[in-house]
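Look at the sequence and the model together, then read the points below.

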Amino acid sequence: MPYEPPTHTVERSLRATTGARTVAGVDEVGRGAWAGPVTVCAAVTGLRRPPEGLTDSKLLTPRRRAELDPVLRSWVTAYALGDASPQEIDDLGMTAALRLAAVRALEGLPVRPDAVILDGKHDYLGVPWKVRTVIKGDQSCIAVAAASVIAKVHRDRMMAELGAASEEDCADFDFGANAGYPSPVHRAALEERGPTAHHRLSWAYLDALPRWQHLKKVRFSAEAAALESGGQLGFEF
């Protein structure tokens, strides 16, 4: 299916209107999974022409993502990855966990960005970061598209390695194929074996597993509850 390639339009606008010199594109993967971390990549690309075929990772086949990943890692000016663990997701809620993972990624860059292009509608970063949210930014913005591919390949490999590690006893969950997301095999393994240490125990999937419902976690943090309900942490400009 044809698609418009991403551009530097948003980054050029940020540079022109705010004086930002270093702009990072940020994207996440793993938000809707039952198991594994949520992973965020922050990528700085400058205004150079991107590698051929770059777009949102979801529009690429696994093979094409794997081919593009090392090319992007060499091409970007800088990138860094940040994770929030299943336990942190359970304790904080997804919005706050996303912020934690994103801050870890941004603080892992060699130079602190002057502005951030964040994929999506909501600013889960907030102050002190200067954020421009862009719906479908992973399709329209070069830096965000690069971040989306790097994050996706990184997390998929992490989950595949977890599924292949016999000492983790995760083989029945087929993480190599589903990356911790819902699937018939994943659901069947949960019904039979129950969640592992890599599963999110505050997730609603446990409501459909009577045998394991007693393991479900409930968050008590008022701040986490406010964030999870959609409260904004910062501003857009």
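A pocket is an open set of points on a 1 Å grid over the protein atoms alone, with protein on both sides within 12 Å along at least five of seven lines, while a cavity is a set of points where a 1.4 Å probe fits but cannot get out; lining residues have an atom within 4 Å of a point. The second largest pocket here is lined by Tyr3, Pro5, Pro6, Arg49, Pro50, Pro51, Glu52, Gly53 and Leu54. The model is predicted, so local features need pLDDT of at least 70 and side-chain atom pairs count only at pLDDT 80 or more, while totals for chains, interfaces and linings use all residues. Residues are numbered from 1 along each chain as its sequence is written, and side-chain values use heavy atoms, with hydrogens and water left out.

**Pocket and cavity**

- The second largest pocket holds about 150 Å³ of space; a volume is the space filled by probe spheres set on the points, and grid points are joined across faces, edges and corners.
- Six nonpolar, one polar and two charged residues make up the lining of this pocket. In this count Ala, Val, Leu, Ile, Met, Phe, Trp, Tyr, Cys and Pro are nonpolar, Asp, Glu, Lys and Arg are charged, and the others, Gly among them, are polar.
- One cavity of 30 Å³ or more is found in a search of the whole structure.
- The largest cavity has a volume of about 30 Å³, and its lining consists of Thr7, His8, Val10, Glu11, Ile117, Cys141, Ile142 and Ala143. The elements giving two or more residues to that lining are α1 and α6 (142–164).
- By class, the lining of the largest cavity has five nonpolar, two polar and one charged residue.

**Chain overview**

- The chain has nine helices and five strands. Helices (H or I, at least four residues) and strands (E, at least two) are DSSP runs, numbered from the N terminus.
- Along the sequence, the pattern is α-β-β-α-β-α-α-β-β-α-α-α-α-α.
- Of the 237 residues in the chain, 51% are buried. Buried means under 20% relative accessible area, exposed over 50%, and partly exposed in between (1.4 Å probe, protein chains only).
- Among contacts (heavy atoms within 4.5 Å) between residues at least 6 apart in sequence, 66% join residues at least 24 apart.

**The sheet**

- Five strands form an open sheet in the order β3-β2-β1-β4-β5, with mixed pairing. Two strands pair if DSSP finds at least two bridges between them.
- Its edge strands, β3 (78–84) and β5 (131–134), each pair on one side only.
- On average, neighbouring strands of the sheet are turned by 20 degrees against each other, direction ignored. Axes are lines fitted to C-alpha atoms, for helices over the stretch in contact, and angles run from 0 to 180 degrees between N-to-C directions.
- Strands of a sheet pair through backbone hydrogen bonds, either parallel or antiparallel.
- β1 and β4 run parallel and are joined by four bridges; Gly25 stands opposite Ile117 in β4.
- β1 and β2 are antiparallel, with six bridges, and Ala24 stands opposite Val44 in β2.
- Strand β2 (residues 38–44) is joined to β3 by seven bridges, and the two run antiparallel. Val40 stands opposite Gly82 in β3, and Ala43 has Tyr79 as its bridge partner there.

**Covered and uncovered faces**

- Seven of the seven residues of β1 are buried. Val23, Gly25, Asp27 and Val29 lie on one side, and Ala24, Val26 and Glu28 on the other.
- In β3, Ala78, Ala80, Gly82 and Ala84 form a covered face, whereas Tyr79, Leu81 and Asp83 form an uncovered one.

**Helices on the sheet**

- Helix α1 (residues 9–18) lies across β1 (23–29), β4 (115–119) and β5, and runs at about 150 degrees to β5.
- Helix α4 (residues 94–107) packs on the sheet and touches β1, β2, β3 and β4; its direction makes about 40 degrees with that of β2.
- Leu100 belongs to helix α4 and is partly exposed, with a relative accessible area of 26%.
- Not counting residues up to four places away in sequence, Leu100 touches Glu88 and Leu92.
- Leu100 and Asp83 are 17 residues apart in sequence and 7.8 Å apart in space, C-alpha to C-alpha.
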